[in-house]
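Here is a friendly briefing to read alongside the picture.

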Amino acid sequence: MARRLRFTGTDSKNGGCPALHEDVATGDVIVQGPPVTDPDELAQLQHLGGGDAAVVVPRELLVNHAPKEMQRVPKLISPEEFGRLFATFEHSAWHLETRRGYASDLEDPAYAEFLATGTAPADLDSGWCTNISRQTAAGKRVGRVRVVDSPPTEGQRFLLSYARVNAATGEDARCLCREDAERAHLGDEDFWIFDSRFVAVLRFDDTDTWHDVEIITEPAEVLRYCQVRDTAVHASVPYDEFVAQLDTHS
């Protein structure tokens, strides 16, 4: 079975070699760079097996982007602590939504109304909307990119309808199809980035129920998530343009 690799970083200014990837399952680091081919240089390498290859990488690539811990110990926070992050972030909060559905939406009265009418209600007086409106009015940036299947799941159709509410609070609400997300190597983690300083990765079980949040502060890891964010924003389109494209092809 092929490894499932996750890009961790490059110091190349044009996005090329050398670069590092990580095996998602094992944590092994895959080093990508120009090969060492000079026989005199290869002769100096110890323990180089017949099937091995040597590559050249700058020291700063390893310093900047290689894992700093042998094994990352997750730092988990409670739902209450996670909720407070939306009141205390300083300048930006951004979300990549990758799920095909969220169990919490099924319990929302707005979801039942959506099933009955085809349109999610717009309650701009809710606690969430009031807070986000206050944050964006203060000049802070809030945004999200929703990954949507083709055709959208029922849960995704609900969120597409609700996107106008996100936008009404000042959020930059954007979408892209899952095929484009896979081509852009966005991965399948569902996460928030706060102030480009730390990441909150949302963990779900097989029933799409959210069960905990892991906080990541290691600079190299935060940088990787920020790169995913920038790629997602570049590959996506505003939600209303996305919905219009869906309506055209339906």
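This is a predicted model: local features need pLDDT of at least 70, side-chain atom pairs count only at pLDDT 80 or more; totals for chains, interfaces and linings use all residues.

Residues are numbered from 1 along each chain as its sequence is written, and side-chain values use heavy atoms, with hydrogens and water left out.

**Helix α6**

- Helices (H or I, at least four residues) and strands (E, at least two) are DSSP runs, numbered from the N terminus.
- Just after α6, Gly139 takes a positive phi of about 95 degrees.

**Helix α3**

- Phe82, Leu85 and Phe86 are buried in α3.
- These three cover an arc of only 95 degrees around the axis, which puts them on the same side of α3.
- The face of α3 turned away from the buried side carries the exposed residues Glu80, Arg84 and Thr88.
- What do the buried residues of α3 pack against? Their partners are β4 (75–77), α6 (127–137), β8, β9 (198–204) and β10 (210–216).

**Aromatic rings**

- Rings of Phe, Tyr and Trp (its six-membered ring) pair if their centres lie within 6.5 Å; planes under 30 degrees apart count as stacked, over 60 as edge-to-face and the rest as tilted.
- By this rule the count comes to 16 aromatic pairs.
- Phe86 and Phe194 make an edge-to-face pair, at 5.2 Å centre to centre and with 75 degrees between the planes.
- Phe86 belongs to helix α3 (residues 79–88) and Phe194 to strand β8 (residues 190–194), so their pair ties together parts that are 108 residues apart in sequence.
- Both Phe86 and Phe194 are buried.
- The rings of Phe89 and Phe194 have centres 6.5 Å apart and planes at 50 degrees, so this pair is tilted.
- Phe89 lies in the loop between α3 and β5 (92–97), so its pairing with Phe194 in strand β8 ties together parts that are 105 residues apart in sequence.
- Phe89 counts as buried because its relative accessibility is 3%, and Phe194 counts as buried because its value is 0%.
- Ring pairs link Phe82, Phe86, Phe89, Trp128, Trp192, Phe194, Phe198 and Trp210 into a cluster.

**Charges over rings**

- A charge sits over a ring if NZ of Lys or CZ of Arg is within 6 Å of the ring centre and within 35 degrees of the ring normal.
- The charged end of Lys140 sits over the ring of Phe89, 5.1 Å from its centre.
- Arg224 lies over the face of Tyr225, 4.3 Å from the ring centre.

- Two strands pair if DSSP finds at least two bridges between them.
- Strands β8 and β9 run antiparallel and are joined by 5 bridges, and Phe194 stands opposite Phe198 in β9.
- The hairpin of β8 and β9 has 3 residues between the strands, and Asp195 takes a positive phi near 60 degrees there.
- Strands β9 and β10 also run antiparallel, with 6 bridges joining them, and the bridge partner of Phe204 in β10 is Trp210.
- In the hairpin of β9 and β10, with 5 residues between the strands, Asp208 takes a positive phi near 65 degrees.
- How many of the 7 residues of β9 are buried? The count is 6 of the 7, so β9 is largely enclosed by the rest of the structure.

Definitions and conventions: Buried means under 20% relative accessible area, exposed over 50%, partly exposed in between (1.4 Å probe, protein chains only). The arc is that of the directions from the helix axis to the C-beta atoms. Contact means heavy atoms within 4.5 Å.
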